[in-house]
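Subject: Structure handover

Hello,

Here is the structure for your files. Please load it first, then read the notes below.

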Amino acid sequence: MDDKALMSVALEEARAALAHDDVPIGCVIARGDEVIARAHNARERDTDPTAHAEILALRAAAKALGSWRLEACSVYVTLEPCVMCAGAIVLSRAQRLVYGAPDRKAGAVRSLYNVADDARLNHRVDVTAGVLEEGSAELLRAYFSAKRA
């Protein structure tokens, strides 16, 4: 599967967050073409401020692989990760991060910070931005538009 196909799976996860009124963000972790883990935001459902899609998917991937080191894995997320999630992705030793829409208010990969490839850290993650960006952004726009209505 290519980046677009895996991001499409992340978008499916993002839509699942709508069932419990969470912000529709989805994450998939793959090793090659194999999906190791997938998750969506669950902060509202779980009453947990750390229940971001990326954190939940990283935990599931580590459990599935039997190691916290996700060295040969790629992380696909529909929205640019925040500081917490970008840091966790770096600490997981993931090889790649692929995201859809930028997050101009909280993005910690390109928008506000460059956590994923900061040379001061002991690991850097290859970043690809903008994969299925419009689909990711539209899902978020529709969610927040409905909230304001």
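Start with Ile29, which is found in strand β1 (residues 26-31). Strands here are DSSP runs of E with at least two residues, helices are runs of H or I with at least four, and both are numbered from the N terminus. Ile29 is buried, with a relative accessible area of 0%. Buried means under 20% relative accessible area, exposed means over 50%, and partly exposed is in between, with a 1.4 Å probe and protein chains only.

Two notes on the source. This is a predicted model, where local features need pLDDT of at least 70, side-chain atom pairs count only at pLDDT 80 or more, and totals for chains, interfaces and linings use all residues. Residues are numbered from 1 along each chain as its sequence is written, and side-chain values use heavy atoms, with hydrogens and water left out.

Back to Ile29. Setting aside neighbours within four places in sequence, Ile29 is in contact with Glu34, Val35, Ile36, Ala37, Ala57, Leu58, Ala61, Leu70, Cys73, Ser74 and Val75. Contact means heavy atoms within 4.5 Å. Ala60 is 31 residues from Ile29 in sequence, and their C-alpha atoms are 9.1 Å apart in space.

Next, the helix pair. Helix α3 (residues 53-65) packs with helix α4 (residues 83-91) at an angle of about 25 degrees, and their axes are 9 Å apart. Axes are lines fitted to C-alpha atoms, for helices over the stretch in contact, and angles run from 0 to 180 degrees between N-to-C directions. The angle makes α3 roughly parallel to α4. The cut-offs are under 35 degrees for roughly parallel, over 145 for roughly antiparallel and 65 to 115 for roughly perpendicular, with the rest oblique. The crossing of α3 past α4 is left-handed, meaning that the near helix is turned anticlockwise from the far one by less than a right angle. On the α3 side, Glu54, Ile55 and Leu58 take part. They meet Met84, Cys85, Ala88 and Ile89 in α4.

Now Glu13. This residue lies in helix α1 (residues 3-17). Is Glu13 buried or exposed? Glu13 counts as buried, at 11% relative accessibility. Not counting residues up to four places away in sequence, Glu13 touches Gly26, Cys27, Arg38, Ala39 and His40. With His40 there is a side-chain to side-chain polar contact (2.8 Å). A polar contact is a pair of N or O atoms within 3.5 Å; within protein, one must be able to donate a hydrogen and the other to accept it, and residues adjacent in sequence count only if both atoms are side-chain atoms.

Last, the charged pairs. The structure holds nine salt bridges. Each is a side-chain nitrogen of Lys or Arg within 4 Å of a carboxyl oxygen of Asp or Glu. One of them joins the side chains of Glu13 and Arg38 (2.7 Å, N to O). Glu13 is in helix α1 and Arg38 in strand β2 (residues 34-40), so the pair ties together parts that are 25 residues apart in sequence. Arg38 is partly exposed, at 40% relative accessible area.

Another salt bridge links Arg110 and Asp117 (3.1 Å, N to O). Arg110 is partly exposed at 36%, and Asp117 is partly exposed at 31%.

Asp118 and Arg120 also meet through their side chains in a salt bridge (2.5 Å, N to O). Asp118 is buried at 18%, whereas Arg120 is exposed at 75%. Salt bridges with shared partners also join Glu12, Glu13 and Arg38 into one network.

Best wishes
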